[in-house]
Amino acid sequence: MKIKEVYRITGLTEKTIRFYEEKQLINPNKVMNNGRIFRSYTIQDIETLKLVAELRKLDFSISDILIMRDEPERIPEIIKQYEEKTSEDLSFKIKVIERLKQTDYGSISSIHDIAGYLKDTVVDRPLPAADMEFHFYKTEV
């Protein structure tokens with residue numbers, strides 16, 4: 001099955017499918033033809049893509065999904081960490097919501113205003129992991 005059929009069936013973009021392939025969540029068959037690589041996706045690839053998408057919607061990380069797939073004995077550990085992180089995220093978001101409820105939205109006219117108003121809620125919060133990871137891509141010539 002070609003990628004166009006896969007994204008029609010799964011609802012995932014071609015870019016997302018390729019990203020999941022890059023992260024080794026799926027491994028479609030590849031055939032070289034006239035110097036180009038053509039991928040062929042199986043029903044199993046589609047089921048895996050749907051499963052990964054559901055877990056990502058739940059905020060499981062790619063690395064956690066790989067661990068749960070490759071080391072199922074670690075699933076309880078991953079679930080416990082996920083529960084703790086989700087609880088921390090919920091507590092943080094409740095603090096932000098409570099602060100926002102005290103806000104006169106009309107008095108906020110810049111990103112500086114909102115950052116200043118909410119800065120007390122983020123004092124001990126780290127940047128998102130994605131902001132701390134740098135990806136360098138090769139450019140094709």
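Trainee: Where do I start? How many helices and strands does the protein chain have?

Mentor: Start with the secondary structure. The model is predicted. The protein chain has seven helices and two strands.

Trainee: What pattern do they follow along the sequence?

Mentor: Read along the sequence, it is α-α-β-β-α-α-α-α-α.

Trainee: What radius of gyration does the protein chain have, and what would a compact globule have?

Mentor: Set the two values side by side. For 141 residues, a compact globule would come near 14 Å. The protein chain has 21 Å. Then look at the box around the C-alpha atoms. Along the principal axes it is roughly 60 × 45 × 30 Å.

Trainee: What share of the residues counts as buried?

Mentor: Here the cut-off matters: buried means under 20% relative accessible area. Of the 141 residues, 23% count as buried. The accessible surface of the chain is about 11300 Å². Carbon and sulfur atoms make up 56% of that surface.

Trainee: What part of the contacts links residues 24 or more positions apart?

Mentor: Take the contacts with a separation of 6 or more. Residues 24 or more positions apart account for 41% of them.

Trainee: Now charge. How many positive and negative side chains are there?

Mentor: There are 23 positive and 25 negative side chains. The centres of the two sets lie 6 Å apart.

Trainee: Which residues is D45 in contact with, leaving aside neighbours within four places in sequence?

Mentor: D45 is in contact with I26, N27, P28 and S40.

Trainee: Now the backbone. What is the phi of Q24, and where does Q24 lie?

Mentor: First the general idea. Most residues other than glycine have a negative phi. Q24 is not a glycine, but its phi is positive, near 65°. Q24 lies in the loop between helix 2 (14–22) and strand 1 (29–33). Q24 counts as exposed, at 59% relative accessibility.

Trainee: What about N34: where is it, and is it buried or exposed?

Mentor: N34 is in the loop between strand 1 and strand 2 (36–40). N34 is not a glycine either, and its phi is positive, about 55°. N34 is exposed, with a relative accessible area of 77%.

How values were computed:
Residues numbered from 1 in each chain as written. Predicted model: local features only at pLDDT ≥ 70, side-chain atom pairs only at ≥ 80, totals over all residues. Heavy atoms only, no water. Helix = DSSP H or I, 4+ residues; strand = E, 2+ residues; numbered from the N terminus. Rg over C-alpha atoms; globule rule 2.2 N^0.38 Å. Buried < 20%, exposed > 50% of the residue type's maximum accessible area, 1.4 Å probe, protein only. Contact = heavy atoms within 4.5 Å. Areas by Shrake-Rupley, 256 points an atom, 1.4 Å probe, with all protein chains shown as cover. Lys, Arg positive; Asp, Glu negative; His and termini not counted. Charge placed at Lys NZ, Arg CZ, Asp CG, Glu CD.
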